[in-house]
Amino acid sequence: NEEKNGADEFALQLEMAIAAVFFCPGDVLVLDNASIHNGGDNSNLEEWLYDTVGVLLVFLPARSPELNPIEQVWKILVNKLQRVPLG
């Protein structure tokens with residue numbers, strides 16, 4: 001559901017994490033370039049996050065799944081599922 005997985009929902013979750021003191025000044029948050037991370041009002045997220053909490057935001061380069069650990073997990077999972085007989 002786009003409404004539950006969009007840029008506004010990401011911003012809300014980020015604000016909740018800040019309120020829960022999940023981040024500390026000097027932390028680094030690494031994000032891929034998914035539209036929820038930098039779409040909508042999140043276009044100035046990098047500046048806002050640094051000014052508000054002192055967290056440095058780093059975006060991974062486009063088309064670089066080798067730098068995103070979750071992509072490696074998905075690759076392993078897909079390979080395992082492809083070896084499971086259906087039926």
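## Overall shape

For a compact globule of 87 residues, we would look for a radius of gyration near 12 Å, but this protein has 16 Å. That radius is taken over C-alpha atoms, and the globule rule is 2.2 Å times the number of residues to the power 0.38. Along the principal axes, the C-alpha atoms fill a box of roughly 55 × 30 × 25 Å.

A word on the source: this is a predicted model, in which local features need pLDDT of at least 70 and side-chain atom pairs count only at pLDDT 80 or more, while totals for chains, interfaces and linings use all residues. Residues are numbered from 1 along each chain as its sequence is written, and side-chain values use heavy atoms, with hydrogens and water left out.

## The order of the elements

How many helices and strands does the protein have? There are five helices and two strands, and from the N terminus on they run α-α-β-α-α-β-α. Helices (H or I, at least four residues) and strands (E, at least two) are DSSP runs, numbered from the N terminus.

Contacts (heavy atoms within 4.5 Å) tell us about the fold too. Among those between residues at least 6 apart in sequence, 66% join residues at least 24 apart.

## Surface and charge

Of the 87 residues, 24% count as buried. Here buried means under 20% relative accessible area, exposed over 50%, and partly exposed in between, with a 1.4 Å probe and protein chains only. The protein exposes about 6700 Å², and carbon and sulfur atoms supply 59% of that area.

The protein has 5 positive and 13 negative charges, and their mean positions are 21 Å apart. Lys and Arg count as positive and Asp and Glu as negative, leaving out His and the chain ends; each charge is placed at NZ of Lys, CZ of Arg, CG of Asp or CD of Glu.

## A closer look at helix α4

Helix α4 spans residues 45–53, and its residues L45, L49 and V53 are buried. Seen down the axis of α4, the buried residues fall within an arc of 30°, so they line one face of the helix. The arc is that of the directions from the helix axis to the C-beta atoms. An α-helix has 3.6 residues a turn, so residues three or four places apart point the same way.

What covers these buried residues includes α2 (7–19), β1 (28–31), α3 (35–38) and β2 (56–59). On the face turned away from the buried side sit the exposed residues E47 and D51.

## Two positive phi values

Just after α4, G54 takes a positive phi of about 80°. In the loop between α2 and β1 we find V21, a residue other than glycine whose phi is also positive, near 55°. Most residues other than glycine have a negative phi. Is V21 buried or exposed? At 60% relative accessibility, V21 counts as exposed.

Key
Accessible areas come from the Shrake-Rupley method with a 1.4 Å probe; for residues, only the protein chains shown count as cover.
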